[in-house]
4 protein chains.
Amino acid sequence: MFQKRTDLALEARELWQESAERTSRLSGVKATKTKLEGYPLTRVDILNRKGEEALGKPQGSYLTIDLTTFWQRRTDFFERAVRAVGSQLKALVPAEGPVLIVGLGNAAMTPDAVGPLAADSVLITRHLVSSMPRQFSGFRPVAVFRAGVLGTTGVESAEAVRGLVAQVRPALVIAIDALASRRCERVCATVQLSDTGIIPGSGVGNHRSALNQETLGVPVLAIGVPTVVDAATLAADLLEESGLPEVDEERLRGSGQNLMVTPRDIDQQVRDLAKVIGFGINWALQELEIEEINALLS
Amino acid sequence: MFQKRTDLALEARELWQESAERTSRLSGVKATKTKLEGYPLTRVDILNRKGEEALGKPQGSYLTIDLTTFWQRRTDFFERAVRAVGSQLKALVPAEGPVLIVGLGNAAMTPDAVGPLAADSVLITRHLVSSMPRQFSGFRPVAVFRAGVLGTTGVESAEAVRGLVAQVRPALVIAIDALASRRCERVCATVQLSDTGIIPGSGVGNHRSALNQETLGVPVLAIGVPTVVDAATLAADLLEESGLPEVDEERLRGSGQNLMVTPRDIDQQVRDLAKVIGFGINWALQELEIEEINALLS
Amino acid sequence: MFQKRTDLALEARELWQESAERTSRLSGVKATKTKLEGYPLTRVDILNRKGEEALGKPQGSYLTIDLTTFWQRRTDFFERAVRAVGSQLKALVPAEGPVLIVGLGNAAMTPDAVGPLAADSVLITRHLVSSMPRQFSGFRPVAVFRAGVLGTTGVESAEAVRGLVAQVRPALVIAIDALASRRCERVCATVQLSDTGIIPGSGVGNHRSALNQETLGVPVLAIGVPTVVDAATLAADLLEESGLPEVDEERLRGSGQNLMVTPRDIDQQVRDLAKVIGFGINWALQELEIEEINALLS
Amino acid sequence: MFQKRTDLALEARELWQESAERTSRLSGVKATKTKLEGYPLTRVDILNRKGEEALGKPQGSYLTIDLTTFWQRRTDFFERAVRAVGSQLKALVPAEGPVLIVGLGNAAMTPDAVGPLAADSVLITRHLVSSMPRQFSGFRPVAVFRAGVLGTTGVESAEAVRGLVAQVRPALVIAIDALASRRCERVCATVQLSDTGIIPGSGVGNHRSALNQETLGVPVLAIGVPTVVDAATLAADLLEESGLPEVDEERLRGSGQNLMVTPRDIDQQVRDLAKVIGFGINWALQELEIEEINALLS
């Protein structure tokens with residue numbers, strides 16, 4: 001059967017349920033829905049081996065914040081989004097110690113640029129805390145690494161991050177990356193946080209090696225934003241909804257090969273979401289109000 | 001019925017043939033196929049009112065060069081593409097007089113950037129010919145206008161070009177724009193030249209007023225590169241091919257609204273094609289060899 | 001004698017006084033100093049032919065706001081700078097009618113980029129007021145033109161603006177350009193407003209034709225920011241201060257030819273001042289508060 | 001006395017000779033002049049402790065290629081410059097083993113961008129050699145690191161490079177950086193190669209820790225291009241030439257503080273020289289002809 005592509009645990013669970021035709025129960029996976037600052041929040045916990053196999057993702061927690069209404073720009077939409085992302089991050093971050101932020105992806109290719117763009121909104125304090133410890137005593141040391149891509153560095157992101165972790169010795173790595181979603185309506189409208197690191201083969205680009213506690217020796221928090229839908233996956237969904245369950249994968253792949261589906265104004269959307277993530281990180285790590293972050297970044 | 005979107009005369013003809021179920025004959029339209037520098041060339045002539053109505057495009061010639069094999073980077077692929085575009089342009093260009101090149105579209109949005117990027121590869125000579133006529137006697141005066149988009153200027157491209165034409169008084173305007181194709185395989189693999197100007201409502205962006213002889217008072221040659229497929233059109237094609245002729249337009253539009261399908265490496269592809277177009281223009285207008293253009297632009 | 005280069009009326013007056021050795025009185029020129037939002041403001045009025053000859057600038061008013069303390073980032077420094085620029089603009093702007101903002105200079109060369117960068121912070125409303133007059137009844141129509149430079153367009157800025165003025169028919173043109181100062185301490189620390197238009201041969205780049213009421217047929221308000229000091233002028237000043245009045249111009253020009261003196265962090269400074277100017281224009285033309293401008297531009 | 005600032009060994013030697021009033025002999029330093037591909041080449045060898053103290057630079061060889069005539073764009077100027085840089089590099093590079101290229105400096109600030117820009121012209125092969133060893137057997141593994149600056153990373157360049165060296169285990173590091181020259185005529189007209197690494201406190205930016213064999217554990221070849229003159233140094237030179245040996249350093253520093261002198265078209269010049277360096281590296285490391293490099297980079 002045609003393998004639909006998604007990097008969201010939320011959608012992996014949906015796909016399982018569709019394939020199981022909603023009759024069996026998915027064991028080893030727990031899902032809960034709430035609201036946060038006005039935005040829907042879904043939490044999927046993969047509890048054990050069975051859950052891992054069913055969803056094809058490692059054990060851990062996956063939080064998905066639905067920012068669809070963000071684009072309606074209602075009252076305080078930006079501040080609420082920052083607090084929604086920031087408060088979930090805060091619950092996953094150790095109380096103290098330096099943090100290394102890793103922006104994954106290709107800054108020169110918009111759908112892959114959410115990592116490096118978010119890095120541009122992070123308050124960088126490690127050098128200040130270390131050279132002026134008294135003046136910056138209220139700040140947590142934060143450093144940033146823009147990993148680039150294999151074609152422009154010759155070095156796997158995971159290798160380069162490993163080298164930097166050995167120098168910087170952070171208590172936590174936060175890795176930000178672009179993801180693929182299965183559903184158009186989630187593209188540039190969702191942020192996924194997880195405590196499992198970044199898994200090989202995911203994402204929009206092709207960052208092949210894992211960034212996780214096992215490979216880096218420190219906890220890795222992953223923040224992902226779906227920015228594309230695989231064109232073949234979109235087509236497969238449309239065909240199925242039209243009552244044609246038998247899809248010729250070869251044909252679909254052929255049509256959709258190397259194609260991606262993105263919003264028309266992806267440049268603006270990726271920039272805006274990257275800012276939400278950068279500010280959310282500052283809010284969580286430095287305990288600053290949004291106006292304070294604005295003043296420090298200007 | 002669902003209205004499939006295309007800006008290529010070639011595809012408008014295909015769509016007509018499909019809807020007519022290949023039984024009737026399309027009158028008022030003539031199509032011929034040849035090869036040029038190794039690249040297939042299709043010429044569609046819309047001869048009269050009947051042809052205009054059938055294809056929804058104004059009377060005139062539409063030349064489509066199929067650069068699919070360009071991406072295999074075989075021997076001389078760049079030089080051959082430049083000569084293919086250049087030689088067709090040359091046949092459409094008046095023997096002398098100044099030329100105004102207009103790059104339409106949004107430089108900050110990759111699929112819409114082919115116009116401004118091509119403009120960057122055009123040899124700009126008008127000011128040199130006018131200030132040093134003796135030294136630059138061998139050059140045709142060429143000026144360039146990057147029109148921007150309504151949201152960043154407040155002025156319709158057609159209005160601004162009209163104002164500039166009144167000052168520069170060119171013998172010809174060449175307008176370069178991004179187009180929408182109906183077929184994924186033509187995206188970033190095709191260049192359409194036509195002597196009809198640019199028609200309202202076309203393209204990737206939304207340049208609403210026509211640029212043509214009627215509105216500008218000088219002949220307008222249009223160069224278009226399809227860089228996107230409308231997501232709903234892609235889906236409609238896939239559904240039909242699966243034997244489902246009844247498509248609910250509303251649904252398709254809903255799924256695909258504001259989505260576009262592009263190649264994964266669209267940044268590189270748009271840049272490369274823009275260079276082919278800019279060099280083709282220089283080849284046609286200045287009668288320079290490709291190495292000479294390279295030396296002058298470096 | 002060595003001709004020191006400046007585009008500021010304020011400095012032209014200083015140079016006159018120095019050359020006159022402070023003994024004679026400068027007739028035809030009036031200068032007054034006040035404070036505005038905490039920033040010093042100097043107003044130089046050139047009243048007649050005599051004043052024009054003495055200062056080498058056309059009759060009119062030249063307002064110079066000294067933003068040196070801006071860079072200390074004290075309380076409300078940005079808001080105060082916007083209001084200082086905005087309130088002076090407001091006094092010079094007709095009560096109603098469309099306005100065309102012209103960003104002069106080369107966006108790709110930092111010291112010359114203040115015009116195009118300021119244009120990016122201007123609220124563009126002309127197309128909205130015209131397509132949705134009821135909804136946008138509270139806004140004045142504003143359009144923007146980024147003129148580029150001769151080498152990348154082949155068209156003199158003044159020619160292109162003239163063409164656009166004929167189409168847009170504004171009640172006022174506001175032209176923004178980078179200037180040369182004679183004093184390092186004024187670079188990126190001063191904004192000059194004048195009701196005389198932009199004079200040929202000025203500025204950092206080389207915009208040769210005048211933009212003024214005479215050439216465009218509408219009033220032209222000029223906003224200039226000095227971003228460079230001519231290297232030879234700097235040297236001449238230093239030599240004179242050291243008690244060496246006899247300067248060999250040839251030598252100085254030789255050393256300083258094609259060199260400019262700029263602040264080390266010119267990129268940040270030019271961006272910040274461009275934002276002050278863009279916001280000042282919005283404040284003056286649209287009568288919006290700064291938070292409202294922020295919300296509309298985000 | 002006023003301390004004139006230079007990062008070129010060639011100029012440090014000149015300054016020593018000027019201060020010594022050309023009477024004494026500089027021991028521990030050897031200088032020779034030749035021509036290479038039509039460009040003058042000066043080699044300064046600092047042989048011992050005495051030489052180190054006199055010139056304020058560590059023991060080693062400093063090769064300075066004078067590219068002044070490059071800008072006249074005579075026959076083959078680019079190819080000759082690439083071969084001049086490349087052949088000198090080749091003499092300093094070990095016969096085999098992977099190489100890590102480090103682009104130092106701030107890509108967003110033109111005079112400091114020569115390192116990251118040169119990195120963009122380097123053929124990156126490490127990942128290809130490692131994943132397709134048979135197909136890429138003719139290539140030497142090359143990786144690239146764009147170090148960024150402290151303010152945008154929070155990590156010293158030297159720290160980050162050290163971490164990467166531990167992962168990549170290169171046989172050689174080549175570090176490219178912008179320098180300060182004492183003489184305007186050398187700005188953007190000179191390339192200095194040295195086998196001593198990069199010394200703290202040098203350069204246009206402020207990369208504080210050394211990159212050399214001692215700190216990185218592998219040989220470090222440094223390539224530097226002067227892109228600025230310190231404004232106070234320029235002024236001091238001018239004053240001295242006017243016969244005023246007593247210069248008040250305080251005053252000069254005051255006038256020139258945080259100012260730099262650069263060519264007017266520094267953007268173009270830095271881009272062109274960065275390409276010469278990137279191509280020179282490819283020529284030396286991969287033994288490719290210039291047309292082959294062009295084809296591989298397109």
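C188(B) counts as buried, with a relative accessibility of 1%, where buried stands for under 20% relative accessible area, exposed for over 50% and partly exposed for what lies in between, with a 1.4 Å probe and protein chains only. This is a predicted model, in which local features need pLDDT of at least 70 and side-chain atom pairs count only at pLDDT 80 or more, while totals for chains, interfaces and linings use all residues. Residues are numbered from 1 along each chain as its sequence is written, chains are lettered from A and ligands numbered from 1 in the order in which they are written, and side-chain values use heavy atoms, with hydrogens and water left out.

Over all chains the structure holds zero disulfides, a disulfide being a pair of cysteine sulfur atoms within 2.5 Å. C188(B) is accordingly in no disulfide, and the nearest cysteine sulfur, that of C184(B), is 11 Å away. In chain D, the sulfur of C188(D) lies 11 Å from the closest cysteine sulfur, in C184(D), which is too far for a bond, and C188(D) also counts as buried at 1% relative accessibility.

## How chains B and C are related

## The interface of chains B and C

The contact (heavy atoms within 4.5 Å) takes 20 residues from chain B and 20 residues from chain C. Because 100% of the interface residues of chain B are also interface residues in chain C, the copies meet through the same surface. The area buried between the two chains is about 1700 Å², with carbon and sulfur atoms giving 53% of it; this is the accessible area (1.4 Å probe) that two parts lose on being put together, summed over both.

Two salt bridges are counted between chain B and chain C, a salt bridge being a side-chain nitrogen of Lys or Arg within 4 Å of a carboxyl oxygen of Asp or Glu. In one salt bridge, the side chains of R126(C) and E159(B) meet at 2.6 Å, N to O. On the side of chain B that touches chain C, α5 (126-131), β5 (142-148), α6 (150-153) and α7 (157-168) each supply at least two residues, and α7(B) gives the most, with seven residues; helices (H or I, at least four residues) and strands (E, at least two) are DSSP runs numbered from the N terminus.

## Salt bridges elsewhere

Side chains of opposite charge can pair when their charged atoms come close. The structure holds 52 salt bridges over all chains, including one between R126(D) and E159(A) at 2.6 Å, N to O. R126(D) lies in helix α5 of chain D and E159(A) in helix α7 of chain A, so this pair joins two chains, and both R126(D) and E159(A) are buried.

Within chain B, R43(B) forms a salt bridge with D45(B), their closest N and O atoms being 2.9 Å apart; R43(B) is partly exposed, with a relative accessible area of 35%, whereas D45(B) counts as buried at 10% relative accessibility. A further salt bridge brings together R264(C) and D230(D) at 3.8 Å, N to O.
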